[in-house]
Amino acid sequence: GIPMEIIVGKMFKLEIWETLLSSMRIGEVAEFWCDAIHTGMYALVSRGMRRIAEGRDPLEGQKHRCGMGNMFDYHSTGYDDLDELQRTPQPLIFIMELFRVEEPSAYKRDTWAMSKEEKLAAVPVLHSEGNRHVLRKEFGQAAVKYQEAVICLRNLQAKEKPWEDGWLKLESLVTPLVLNYCQCQLELGEYYEVLEHTTELLQKHNDNAKAYFKRAKAHAAVWNEREAREDFLQVAHLDPSMAAAVKKELKQLGERMRKKHVEDQKRYQGLF
């Protein structure tokens, strides 16, 4: 019940569909007869579309590999008519209606569909959008933008050799985005999310004072007093200019822990 989207030039499983759609006008309904040489992948495409129409995950039960590889594992699409089509490929008739065409610049593509150049160009835009949301105190929306930018860079990093120049250059762009993301999560009260991401960052960059500072605040928020103090002291050691901020945070942490201790004592007295 939902129109399908095809990104032309991205090698959809049925390449012939790109050719057919590119020949149509908006609002046109057209019928195409296609020889079997062009329809060999139709059974796999149709299986996924049928599962979506049934409200199921199109990858349900599959191993992490291509559709054809899964066919070798399971020997069936799960639909008798599609299995028959797999055994004896036939010419097919496709009836298509073209609803809308968008220019490449107008279509907001998922990260996986972007080229390397497009991902690099998207990162500063997403960073700026995230900053604008922060200024409006829209921390959830800002976090989404920062995370999207990080995903773009991580995808590019996966093609580089770790710790070599190309990888390090991308990592230098990732780090401030992760820190911005963590700040948003602090504002949203997602403290364990902050602990996870700052710890991962510090495993690679153990001299990053800002990462220690954000992790310390997250530890303090979830009552990990010892870990919070250790991280705050590490911040002051790495960056003396943050000593005043650390002193203030440690004072607040001490006050919060004393208050919690008094409340706990009252609670336990009531119990016994």
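Let us begin with Trp163, which is partly exposed in this predicted model, its relative accessible area being 48%. Its ring has a partner: Trp163 and Trp167 form an aromatic pair. Trp167, for its part, counts as buried, at 8% relative accessibility.

A pair of aromatic rings is described by two quantities, the distance of the centres and the angle of the planes.

How many aromatic pairs are there by this rule? The count comes to 4. One of them joins Tyr42 and Phe94, again in a tilted arrangement, with 5.7 Å centre to centre and 55° between the planes. Tyr42 belongs to helix 2, residues 42-53, while Phe94 belongs to strand 2, residues 92-97, so this pair ties together parts that are 52 residues apart in sequence. Is Phe94 buried or exposed? Phe94 is buried, with a relative accessible area of 7%. I would also draw your attention to Trp17, which ring pairs link with Tyr42 and Phe94 into a cluster.

Finally, I turn to charged side chains and the ring of Trp223. Which residues place a charged end over this ring? One is Arg256, whose charged end sits 4.1 Å from the ring centre of Trp223. Another is Lys260, whose charged end sits over the ring of Trp223 at 5.4 Å from its centre.

How values were computed. Residues numbered from 1 in each chain as written. Predicted model: local features only at pLDDT ≥ 70, side-chain atom pairs only at ≥ 80, totals over all residues. Heavy atoms only, no water. Phe/Tyr/Trp six-rings, centres within 6.5 Å; stacked < 30°, edge-to-face > 60°. Helix = DSSP H or I, 4+ residues; strand = E, 2+ residues; numbered from the N terminus. Buried < 20%, exposed > 50% of the residue type's maximum accessible area, 1.4 Å probe, protein only. Lys NZ or Arg CZ within 6 Å of the ring centre and 35° of its normal.
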